[in-house]
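Trainee: I have a structure to learn. Can we go through it by question and answer?

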Amino acid sequence: MTKLVPVLSEHWDEKDSFTIEAYTRHGGYKASQKALAMDPDAVIQLVKDSGLRGRGGAGFPTGMKWGFIPQGDNKEHYLVVNADESEPGTCKDTPLMMANPHVLIEGCIIAAHAIRAKHAFIYIRGEVTHVVRRVNQAIEDAYKAGHLGKGIEIVLHVGAGAYICGEETALLDSLEGFRGQPRLRPPFPAIAGLYAMPTVVNNVESIASVPAIILNGAEWYQSMGTEKSKGTTLYSLSGHVKNPGQFEAPLGITLRELLELAGGIREGHRLKFWTPGGSSTPIFTDEHLDIPLDYEGVAAAGSMLGTKALQIFDETTSIIRAVLRWTEFYKHESCGKCTPCREGTWWLVQILRDLDAGIGTEEDLNKLLDICDNIAGRSFCALADGAVAPIISSLKYFRQEYLDQLANKGPLFDPMDSTLFVSAKAGA
Amino acid sequence: MAYSSEDLATMDSIIKRYPRSRSAIMPLLHFVQSRIGFVNGEGIELIAQLLTLEAAEVSAVATFYTQYKRTPVGEYHVGVCTNTLCAVMGGDAIFEGLKEHLGVENDGVTSDGKVSLEHIECNAACDYAPVVMANWEFYDNQTVESAKDLVDSMRSGNPKPPTRGPDTLVTWKEVSAVLAGINDGKANEGLQAGAPTLLGLKISKEGK
């Protein structure tokens, strides 16, 4: 029997799944009707009881986050949905919003009611035009149907190409009309967020999970997953697997199980390394196939569940090339506010470019680690911590490959071998 | 003046979406791109005037975000994902192939003004790697050859449709209007989901 349990993805295979008609046909907007009749505190309690944790990377309990919003303070409260999906490897919110934008709208209505907000903003990255169309249309249709406009307004805000805006305080600065640069915390957004007002920032998948919890109850949600990681979630498999895609399963499934569903590693190859939750989460190897992919299981093995973006690389892939490319990404996306990140990522790229060409000495590996040590934890936000994760973890598992490449005075791998075109040719 | 009274009314309605007007900078910059094709000095001055800001404040925002272009791009702006996963799966080869085929470097525009080329970061479609974006619409599972065919179709004035997107590829300026939050009526076009998106669901329904 399959371990897959489609909840979020249940109706994605219907051609018109993104329309309000299809959503309503499957009971859409009944959850918000139910929630709006409840006391806001009861909604927060229900979500707390469900055990739902943030699906954007950090895994913070969603209900608890809502509970941090001060009540009776006579201030405007805001709900902000982080739909700026940009973490390398992460590709779950984009298909979710394309296939079923209304579940996000309904989740917003419920969350806004719970935190006593009249305004919600959905901040979508600007590089996914069709997702912008679908969400915009869904908002319009929800207004027409009377689900919005009676106490809760939703505004769609489109980004313009900046990974850093996925960091919640940078997102808030961006939404206020500034360069997207993170803020020093405290104060946290719950106290001083958008326009310095109490604000909840939630990931798309977290908010989209709420309507089913309201309808089916906390116990139902609690019945899925593991001890501290409840419910179902979207696991995204990409890379050198036979059949990449989205797999919705209770938290705690393993990569071995997911690989079986994805048809295994591509024909004739074997697993070399993988990310459990995007490029900012330390890599794993074939030693880690049986780790339960929940918040605790992945953390205990030295990484993070992150966004459950499982990027799979086989033995044709150069670890140095992979790490260099990720490091170039972090250098490019560093907002420049904090010196260790701005300058440090630049130097990491210089050293890694040399290593990728087989230039350098073993001392350079130590220098990499030393620079990493001077970046991580020394900047305002987690981009810096993410930037060093691939480097430190690759040196932990593949130090010998770095040394072999230096001894070889040049790349050990032909990049063409890792492309899909090669296997297509071989199979033809 | 490049802006009609209708444009100015649209810009005013964009500002009114927000509790505080400054929040409208980003959609207004997208709107300027929808009219001019890129963000020019006049557009920055206009936004500053509409929001009662200094031009330098608007310029500071415009230069932070990579989707705001300070020089003209092609009618079709092509982005090849060369972040690690797509690069490894073939994105690097596609990008090199397109540079050679079009005779442009990164951020270059073909002499006919039809196509511009840029290498981009992860675009949230890794299960469809290697991914090419054109005017920020998805072209999934590309090869060097299919990407060359795609840009050829753009240069001949009959661009291939996106794999997950509207029925036809619209121009850079038209897409910029969508990003400014203006509904172009095409939300219902195209697939609800591609095969990789549905794979887990399909397996679970088959009860494997």
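The questions and answers below concern a predicted model.

Trainee: Which element of chain A gives the most residues to the side that touches chain B?

Mentor: The contact takes 73 residues from chain A and 66 residues from chain B. Elements giving two or more residues to chain A's side include α5 (93-99), β3 (153-158), α13 (319-333) and α7 (129-144). With eight residues, the top contributor is α7(A).

Trainee: Which strands stand at the edges of the open sheet in chain A?

Mentor: Four strands make up this sheet, with parallel pairing, in the order β3-β2-β1-β4 (chain A). An edge strand has a single partner, so one of its sides has no neighbour in the sheet. That describes β3 and β4 (199-203) of chain A.

Trainee: Which residue in β4(A) stands opposite A:Leu79?

Mentor: Begin with the pairing of the strands. Strand β1 (residues 78-83) of chain A pairs with β4(A) in the parallel sense, over five bridges. In β4(A), the residue opposite A:Leu79 is A:Val200.

Trainee: Is A:Lys308 buried or exposed?

Mentor: A:Lys308 is not a glycine, yet its phi is positive, about 60°. A:Lys308 sits in the loop between α12 (295-300) and β9 of chain A. The cut-off for burial is 20 or more other C-beta atoms within 10 Å. A:Lys308 has 30 C-beta neighbours inside 10 Å, so it counts as buried.

Trainee: And A:Lys409, buried or exposed?

Mentor: A:Lys409 also has a positive phi, near 55°. Its place is the loop between α16 (383-408) and α17 of chain A. A residue with 12 or fewer such neighbours is exposed. A:Lys409 has 10 C-beta neighbours inside 10 Å, so it counts as exposed.

Trainee: In chain B, which residue does a cis peptide bond join to B:Pro130?

Mentor: B:Pro130 is in the loop between β2 (115-120) and β3 (132-134) of chain B. Omega of the cis bond is about -5°. The residue joined to B:Pro130 is B:Ala129.

Trainee: What distance separates the centres of domain 1 and domain 2 of chain B?

Mentor: The domain assignment gives domain 1 (5-62) and domain 2 (76-171) in chain B. Their centres are taken over C-alpha atoms. The separation is 29 Å.

Terms used
Residues numbered from 1 in each chain as written. Chains lettered and ligands numbered in written order. Predicted model: local features only at pLDDT ≥ 70, side-chain atom pairs only at ≥ 80, totals over all residues. Contact = placed C-beta atoms within 7 Å. Pairing = 2+ DSSP bridges. Domains from an automatic or database assignment.
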